[in-house]
Amino acid sequence: MSAPNEAQFFDVESSAPDHHYVVTDQHDEVEDYTSIAFLDWTQNVASDYVESLNDGVDSFFMGAFFDDEVLEDESSGSNGRVYFISRRENRLEPNYQAGLNLRLVLPNTRDRFKLLVETDENEDEVNETNVLGTTENVTYSTAIRVDFKERRHWKTSFDNGVRWAGEPVFFSRVRARRIDYFQTWRTRVLQTISWRTDEEWGARFSASAIRPLDLTRHFRMGFNADYLLNNDFAELDSSFSIFDELSPRSAMLYQIGFFGDTEDVSKLTDTVLSVSYRRKIYKHYMFAELVPELAWPIKNDYEMTPAITLLIEMILGADE
């Protein structure tokens, strides 16, 4: 791809202390919605406490492509997310999850201090088969985040807080990330070091690279490693994805992922092939995502296991 096309995808300004990934709408659509008064009222009330994102990029629409930590780093000001997940895996009971993530900039702190209120869906190991019981067996956490002064390519923060799931678990963590540009490639490296009263020391490393394929499609490859010091155990995963913007309101994600761990010996535990369809279903803040997938897990002797996931989410603080 020639260099002039790069500017269509990346906002690279030499005078800026950092760079932001910008997706350019390639289509014009006229939105025609019948207002739902309750949803509008709920979103407006919540947005009184959540400042609007101002990056000039619909980060949460790209949430089908990027992970939550990318959204944290790429969005400034306050933001929030309320979500409901329904997952059905072959030969298993359905699993439901509901949660809330809020990142609120504290007054008079120039965006340097944030209050975090989160539901940690990655730690809710109990499968909830009752839709009305999705708020039970949930891990909640509250923390104060301090963002240190940004350098040219570096952004660093420190969190200190407590998790609420039975007996309180206190934690601290330091996060540092770096973004670089190499011709049409954009790379991102994130390192997190944490301490918890129940697990002691741990670390997480994440690296990804993305490049545009044409005006509406992007290719991404990523690698993640979670490590716990007290049991010398690591979980590993890598993925290759193609993001395809169908319109300003919908997109597809084609992805293959490989998962493993270092328990006893390093081994591949799961391979997952998935196709995601994500769409704005109401105005600029309601989204639906449908993810059919095929997996080959070691626990099933690598027998093909189909599953389907439905995600409904409401974004607080998203731009009009």
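**View A. Phe 84, a partly exposed ring.** Phe 84 has 26% relative accessibility and therefore counts as partly exposed (buried is under 20% relative accessible area, exposed is over 50% and partly exposed is in between, with a 1.4 Å probe and protein chains only). This is a predicted model, in which local features need pLDDT of at least 70 and side-chain atom pairs count only at pLDDT 80 or more, while totals for chains, interfaces and linings use all residues. Residues are numbered from 1 along each chain as its sequence is written, and side-chain values use heavy atoms, leaving out hydrogens and water.

**View B. Phe 84 with Tyr 96.** Rings of Phe, Tyr and Trp (its six-membered ring) pair if their centres lie within 6.5 Å; planes under 30 degrees apart count as stacked, over 60 as edge-to-face and the rest as tilted. By this rule there are 2 aromatic pairs. Here the ring centres of Phe 84 and Tyr 96 are 6.1 Å apart and the planes meet at 20 degrees, so this pair is stacked. Because Phe 84 belongs to strand 3 (residues 79–89) and Tyr 96 to strand 4 (residues 95–105), the pair ties together parts 12 residues apart in sequence; strands are DSSP runs (E, at least two residues), numbered from the N terminus. Tyr 96 is buried, at 11% relative accessible area.

**View C. Trp 185 with Phe 219.** This aromatic pair is edge-to-face, with 6.3 Å from centre to centre and 80 degrees between the planes. Trp 185 in strand 9 (residues 185–196) and Phe 219 in strand 11 (residues 217–228) are 34 residues apart, so the pair links distant parts of the chain. Trp 185 is partly exposed at 26% relative accessible area, and Phe 219 is partly exposed at 21%.

Notes: Helices (H or I, at least four residues) and strands (E, at least two) are DSSP runs, numbered from the N terminus.
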